[in-house]
Amino acid sequence: STPPEPTARLSGDQEGIAEAAGLLRSGQLVAFPTETVYGLGADATDPAAVTRIFAAKERPRFNPLIAHLPDLAAARRQGRFDAFAEALASAFWPGPLTLVVPATEATEVCDLARAGLPSVALRVPGHPVARDLLQAFGRPLAGPSANRSGRVSPTCAEHVLADLDGRIAAVLDGGSTRVGIESTVVACLGGTPRLLRPGGITRAALAAVLGQEPETAGDADAARPAGPGLLASHYAPRARVRLDATALEPGEAALLFGGARPEGLAEAAAVLDLSPDGDLGEAAARLFGALRDLDASKAPCIAVSPIPKTGLGEAIRDRLNRAAAPR
Ligand code: TXA
Ligand code: MG
């Protein structure tokens, strides 16, 4: 095998986007910004290109990928939208929502990207660089988060390079992402829509559009993961993570929220506050960067202050719970 080429860093302007689209057309991997996290892009119609995603991320092949599209019309060619899916797409696209729907006969999203499932995960992102890239590329773009499997998702180009430098052709630099946590994943496969992963669109916002609460995945069978990729341990920094901490053990790093002052704070190995004002949107945007920064302190454990369960707090707590799960 040939030695790894260094990963090119492309600016998110016309020229960078044209170069990125060319690389994607030739089957290469290009990381790209979305408003949630950076995605690891490959041509979703090309099994050879999609194979490179699984290899670069060291991702198990049973875990299907999201296909990114420029608009709802393009999405309808890949998946069948029932009335719930139509309503959610109209309300939240472009934006941080992924819809899992039955794949159409004519779907171009290859079997490998769908992990052999009869459904397909579709998303129309809102980030201007992602939208321009999708227009320029003109095909469905497979895009899992651009981190190594099981690690913290990337919210800037530096995070992508920290995990994947030399493993991918290029990263399109669009600065720091606005939302900071991944899209909300909702399955519309008949009957009441199911919330598979909390994310940038809150449960309350979904319910307002649906006229009813979405079912929570795992409600029926809590032992089985809701989605093939929704394994308990995920988003893991090197350090252990301890939730709802109101006192620190010696040597721990502190991840605070809302100006919390846990006992023993003066002795902390490192301290960051996700949002001194207690703003959950700000906390979500800072979460993954904060986990990476506290990890760099080499503290064996990150103690996290209590975070509300409401609004974006549900998604923030979901990510922290996975980070805290036994490995
Ligand atoms: O914000 C995001 O969603 C980012 C950006 C790049 O778009 N992408 C992302 O992709 O988070 P990924 O692969 O890290 O997470 C996609 C999730 C996985 O948990 C996967 O198992 C689930 O969506 N998924 C994909 N296709 C599915 C399907 N057909 N049925 C059930 N779950 C599916
Ligand atoms: Mg991911």
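How many Å separate the centres of domain 1 and domain 2, taken over C-alpha atoms?

Author: The model is a predicted one. Its domain assignment divides the chain into domain 1, residues 8-216, and domain 2, residues 240-324. Taken over C-alpha atoms, the centres of domain 1 and domain 2 are 27 Å apart. Domain 1 gives 13 residues to the contact and domain 2 gives 15 residues. On the side of domain 1 that touches domain 2, the residues are five nonpolar, six polar and two charged.

Now to α6, which spans residues 157-164. The helix is mostly covered, with six of its eight residues buried. These are A157, H159, V160, L161, D163 and L164. The elements that cover them include the strands β1 (8-11), β2 (30-32) and β8 (170-173), along with the helices α2 (47-57) and α8 (280-296). After α6 comes G166, which has a positive phi, near 85°.

S153 counts as buried because 25 other C-beta atoms lie within 10 Å, where 20 or more are required. The UniProt annotation "binding site", from an unreviewed entry, covers S153 together with R59, S145, R197 and Y235.

The nonpolar cores come next. In soluble globular proteins, nonpolar side chains tend to be buried together. Here the largest nonpolar core has 71 residues, and A20, V30, A31, A67, L172 and V186 have the most contacts inside it. Leaving aside residues up to four places away in sequence, A20 touches L10, V30, F32, L133, A170 and L172. Another core, of 34 residues, lies apart from the largest one and includes V152, L294, V304 and A324.

The last stop is L312, in the loop between β15 (301-304) and α9 (313-324). It is buried, since 26 other C-beta atoms lie within 10 Å of L312. Among residues beyond four places away in sequence, L312 touches T202, L280, G281 and A284. L312 and G259 are 53 residues apart in sequence, and their C-alpha atoms are 18 Å apart in space.

Methods:
Residues numbered from 1 in each chain as written. Chains lettered and ligands numbered in written order. Predicted model: local features only at pLDDT ≥ 70, side-chain atom pairs only at ≥ 80, totals over all residues. Core = buried A, V, L, I, M, F, W, Y, C linked by C-beta atoms within 7 Å. Buried ≥ 20, exposed ≤ 12 C-beta atoms within 10 Å, placed from the backbone. Contact = placed C-beta atoms within 7 Å. Domains from an automatic or database assignment. Nonpolar A, V, L, I, M, F, W, Y, C, P; charged D, E, K, R; others polar. UniProt positions renumbered as here; feature names shortened; annotations may be inferred. Helix = DSSP H or I, 4+ residues; strand = E, 2+ residues; numbered from the N terminus.
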